[in-house]
Amino acid sequence: MKRFSAFNAVSLTLGFAFLYLPMIILVIYSFNASKLVTVWAGFSTRWYAELLQNEAFLDAAWVTIRVAVVSSTIATVLGTMAAYVLVRAGRFHGRTLFSGMIYAPLVMPEVITGLSLLLLFIGIGLDRGILTIILAHTTFSMCYVSVVVSSRLVSFDRSLEEAALDLGCTPFEAFRLVTLPIIAPAVISGWLLAFTLSLDDLVIASFTAGPSATTLPIKIFSAVRLGVSPEINALSTIMIGIVTLGVITASLVSKRASIRQQAEAQAAVRA
Amino acid sequence: MRRLTLIAIPYLWLLALFLVPFLIVLKISLSDTAIAIPPYTPTLDLSEGWAGFKAFLSQLDMENFTWLTQDDLYWKAYLSSVRIAFISTILTLIAGYPIAYAMARAAPEWRPTLLMLVILPFWTSFLIRVYAWMGILSNEGLLNSLLIQIGLISEPLTILNTNTAVYIGVVYTYLPFMILPIYSALEKMDDSLLEAAEDLGCSRLQAFWLVTVPLSKQGIIAGCFLVFIPVVGEFVIPSLLGGSGTLMIGKVLFEEFFNNRDWPVASAVAVILLLILILPIVLFQRNEQKQREAEG
């Protein structure tokens, strides 16, 4: 039996207080009536109202969402292919380089990734805008997707696929009907990871965005450089709310799915 | 044929958008600054064929790298980045280990919830998490007004725009990266080992040092690299929480590129930054490999 001591309880309490208090304070102060961010002057939703009228922020939010949806979807397709190649394709010429190119972007400092992509885009004369941000985000997030998906593929029972092939499936059908449903949770969490990475990225977007398209993190960064602002507090609260809701829903869904799977497995054993 | 297509698509994508851009950085770092668009020479002119390529190669030189070693700013920035990353890695370890340890000892039915509570901040915008500290640490901020109200201090402490604020920001944002690998190492630990150590005459503290810490070594190493490597090149935290005295290479590179528009020097800064990080990256990969082999 493991012992859970008073020391353990204190470290958990302090640790979670440290992780959550700053964000809770941010949320509380987004409802502050005062422009002075540290003086409490009563409850108000005026900063949310002002935020909704700030067109620059709304435009940037729209660009950010479009970039995130498109880049994470392409990244999921490419990343799943890359994972399949890493785990299943066996030996081929240039495999070491390939796996190196998958793992290197994960540890590459963002300033270098951003700088190098910008120099490429300028070199080939591609105008910076929404397309270049999508290309940049797809490239680094496909590596995250492929790491998530390949860890699932490794633990996958290959004989299931072989059975499908023996029963007359084409390789693509076997992938679609057998492999994909089994690795689906990893593919979905890969997509979610790519989506949040794209929403969140400031540095790479700063290098690859042009005057025609600005993302929300770039806008937030240039606003907060001048100091704390109640409008940004309101915006942050909305973003924290969306993420919290998303993560809680996702975990509830996966919990229910696993309970259902267990029940099915038990029923199968009984039958 | 189908296999070839499957390999070729992600392969070509990464070649074009990861490897080639990096080679361009390498090339520009060896070029000269020029007042032109793009602001560097020489540019490779493929239409001149082999002669053009030779002319291009002969114009490359190490000038930017020599310049980097001569100017104090750069090597001080590298040193200070590595030092800040090192100190904040140690601080994150000190803060993260007790949390991971307590999570591993919590009742099994609580663990998924605790795990989710550690991961949740990771899904929240990095920028917002750093920004949250600006309102807390500033001179008129919450921390100072709280400390003045309870009478601990009479004058506000200057924390924002100092290295202290950078350390707080790094520990706060990178804490989950430290907790998760340590937790996954500790969770697998067999508690009877601790009982055995105590039966054999160890005190609880000795048992912790002699049994628990060595068994979680791989988690500690992984966590430290996961914090250290990205913090060396960190840009957001020093720009928002650091001050004029905070010298970090990610910030220098950003400014060199956007404010001074000196592309060759910015590229040379990037190449050296990568050289500094190659050793920790290789060590990290080796640690991961060892772990995989131990499990597999």
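Residues 232-253 of chain A are 100% helix and 0% strand in this predicted model. The end C-alpha atoms of that span lie 31 Å apart. UniProt, in an unreviewed entry, annotates residues 232-253 of chain A as "transmembrane region". Chain A has 11 helices and 0 strands. Chain B has 14 helices and 2 strands. The two chains touch: 64 residues of chain B are in contact with 58 residues of chain A.

**Annotated spans in chain A**

- The unreviewed UniProt entry gives the label "transmembrane region" to residues 12-31, 60-86, 98-124, 130-154, 174-194 and 232-253 of chain A.
- How much of residues 61-253 of chain A is helix, and how much is strand? The span is 82% helix and 0% strand. The end C-alpha atoms of this span lie 27 Å apart.

**Overall form of each chain**

- Read along the sequence, chain A runs α-α-α-α-α-α-α-α-α-α-α.
- The C-alpha trace of chain A spans about 70 × 60 × 35 Å along its principal axes.
- The radius of gyration of chain A is 23 Å, while a compact globule of 271 residues would have one near 18 Å.
- The C-alpha trace of chain B spans about 80 × 65 × 35 Å along its principal axes.
- Chain B has a radius of gyration of 24 Å, while a compact globule of 296 residues would have one near 19 Å.

**Helix packing in chain A: H6 and H8**

- Two packed helices are described by the angle between their axes and the distance between the axes.
- Helix H6 (residues 130-154) of chain A packs with helix H8 (residues 171-200) of chain A. Their axes come within 9 Å and cross at roughly 155 degrees.
- Angles over 145 degrees count as roughly antiparallel, so H6(A) is roughly antiparallel to H8(A).
- Is the crossing of H6(A) and H8(A) left-handed or right-handed? The crossing is right-handed.
- H6(A) brings A:His137, A:Ser141, A:Tyr144, A:Val145, A:Val148, A:Val149, A:Arg152 and A:Leu153 to the contact.
- H8(A) brings A:Ile183, A:Ala186, A:Val187, A:Ser189, A:Gly190, A:Leu193, A:Ala194, A:Leu197 and A:Ser198.
- By class, the contact of H6(A) with H8(A) has 11 nonpolar, 5 polar and 1 charged residues.

**Helix packing in chain B: H4 and H8**

- Helix H4 (residues 72-105) of chain B packs against helix H8 (residues 163-187) of chain B at an angle of about 45 degrees. Their axes are 6 Å apart.
- H4(B) and H8(B) are therefore oblique to each other.
- The crossing of H4(B) and H8(B) is right-handed.
- Which classes of residue make up the contact of H4(B) with H8(B)? The contact has 22 nonpolar, 4 polar and 1 charged residues.

**Helix packing in chain B: H1 and H14**

- H1(B) packs with helix H14 (residues 263-295) of chain B at an angle of about 120 degrees. Their axes are 7 Å apart.
- That angle makes H1(B) oblique to H14(B).
- The crossing of H1(B) and H14(B) is left-handed.
- From H1(B), the contact uses B:Val25, B:Leu26, B:Ile28 and B:Ser29.
- From H14(B), the contact uses B:Trp263, B:Pro264, B:Ser267, B:Ala268, B:Ala270 and B:Val271.
- The contact of H1(B) with H14(B) has 8 nonpolar, 2 polar and no charged residues.

**Where chain B meets chain A**

- In the contact between the chains, chain B supplies 64 residues and chain A supplies 58.
- Which helix gives the largest share of the side of chain B that touches chain A? Helix H1 (residues 2-29) of chain B does, with 18 residues.
- By class, this side of chain B has 51 nonpolar, 8 polar and 5 charged residues.

Key
Residues numbered from 1 in each chain as written. Chains lettered and ligands numbered in written order. Predicted model: local features only at pLDDT ≥ 70, side-chain atom pairs only at ≥ 80, totals over all residues. Axes fitted to C-alpha atoms, helices over the stretch in contact; angles between N-to-C directions. Helix = DSSP H or I, 4+ residues; strand = E, 2+ residues; numbered from the N terminus. Parallel < 35°, antiparallel > 145°, perpendicular 65-115°, else oblique. Left-handed = near helix turned anticlockwise from the far one by under 90°. Nonpolar A, V, L, I, M, F, W, Y, C, P; charged D, E, K, R; others polar. Contact = placed C-beta atoms within 7 Å. UniProt positions renumbered as here; feature names shortened; annotations may be inferred. Rg over C-alpha atoms; globule rule 2.2 N^0.38 Å.
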